[in-house]
Amino acid sequence: MSSGISISVNGSPDKELTQAITIEIAEKMDQAASFTLKYELDISGGDLPYLTDTRFDPGSEITVTVSGNNSTECLVKGPVHAQNIHMQHGAGGSWLEVKGSDTSVKMDRETRSAVWKDLTDSVAVQSILSTYGYMPDVENTSAGHFENKHTLVQRESDLSFIRRLARRNGFHFWITCDATGTETAHFRRSQLGSTPSAKFVINLDSPNFLSLDIYWDVERPTSIVGVQLDLNAKSNITLSVPKTPQTGLGNTDLSAITGDTRSVFLSAPSDDAGDMKSRGEAALIEADWFIRAACKTTLAEMGSIVRAHSIVELHGAGSRHSGKYLVSGVKHIIDASDHKMEIELVRNAWGA
């Protein structure tokens, strides 16, 4: 296995488990991080010990960390919940895949019935996260839910509920784990003003990947309008979001590129101005990502571990497509020879 890999089971390092055929970690925005550990399966006789190994039992907590360039990154921490088993009669060819997700999966196991009143979405999220032991990283929201108007009703799991609130505010929800095992739950909009964590280079000296695919599509809304009735005051609440609230990752955003009016009417029911505004901004944020890109590299070539939700800087893609991008997904594929990364990027503007 590639050097720098460490695997722990229920908090205890286990060197044997680093001898996997491959380790795959998938990080993707708005999804739980997942892992797949693949091992050679000896079926020469007996009870096939790996298939009854308690380290691979349901609920066994796996932590995968990677060290390199004076830093250590925890790629995933969470419970085992599935296995794939392949048996090949004769010598060799049999294998076991151990699968799991980050600990947010525990938030999705029980449907809950609750009514949240006289608070904002972020306060409700803070309250839920406090019961799971996460360090909270919760951005405040303006959407209010009051008993004399409309309360916030939950009829789903905590994870589904938080993800619903995230989407209606233009937020993302994800879990990270540091090298000490401490987990943080993030509920916030993408921090597009962050300093780039990595430099991607192509078509220049010292490239760190060899191919890049870029796709763009500008047929999407650039403004939101809406009107709803305040049932208490019997008056209209009007909404106008003329442009995205997000920071542009380039110098020419979508509205400047299209040069015309592309509006959508917000039809979501609401009698709170803060909720209306949040939903309108969220719709534009979702439509904002009109550029998508994909590339493959390795830890050795890149010199650093690329993570989802981070900002990176692309060089060598021309004046239009060089610049900052948001990492929307990374698949880490680790074996005895290398640590490969398949990376997905999004952007809401072009120009360096």
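Buried here means under 20% relative accessible area, with a 1.4 Å probe and protein chains only; the close-up views below are taken from a predicted model.

**View 1. Helix α2 and the residue that follows its end.** Helix α2 runs over residues 158–169, and its 12 residues reach 17 Å from the first C-alpha to the last, close to the 16 Å expected at 1.5 Å a residue. The buried residues of this helix are Asp158, Leu159, Phe161, Ile162, Leu165, Ala166, Arg168 and Asn169. Just after α2, Gly170 adopts a positive phi of about 75 degrees.

**View 2. The salt bridge between Glu61 and Lys106.** The side chains of Glu61 and Lys106 meet at 3.9 Å, N to O, and the pair links distant parts of the chain, with Glu61 in strand β5 (residues 61–68) and Lys106, 45 residues apart from it, in the loop between β7 (95–101) and β8 (111–116). Glu61 counts as buried because its relative accessibility is 18%, whereas Lys106, with a relative accessible area of 37%, is partly exposed.

**View 3. The salt bridge between Arg188 and Asp137.** In this pair the side chains meet at 2.9 Å, N to O, joining distant parts of the chain that lie 51 residues apart, namely strand β14 (residues 183–188), which holds Arg188, and strand β10 (residues 135–138), which holds Asp137. Both Arg188 and Asp137 are buried.

**View 4. The salt bridge between Asp260 and Arg262.** The closest N and O atoms of Asp260 and Arg262 are 2.9 Å apart; Asp260 is partly exposed at 39% relative accessibility, while Arg262, at 18%, counts as buried.

**View 5. A network of salt bridges.** Asp14, Glu16, Asp53 and Arg55 are linked in this network, and a search of the whole structure finds 21 salt bridges.

Definitions and conventions: Residues are numbered from 1 along each chain as its sequence is written. This is a predicted model: local features need pLDDT of at least 70, side-chain atom pairs count only at pLDDT 80 or more; totals for chains, interfaces and linings use all residues. Side-chain values use heavy atoms; hydrogens and water are left out. Helices (H or I, at least four residues) and strands (E, at least two) are DSSP runs, numbered from the N terminus. The expected span of a helix is 1.5 Å times one less than its number of residues. Buried means under 20% relative accessible area, exposed over 50%, partly exposed in between (1.4 Å probe, protein chains only). A salt bridge is a side-chain nitrogen of Lys or Arg within 4 Å of a carboxyl oxygen of Asp or Glu.
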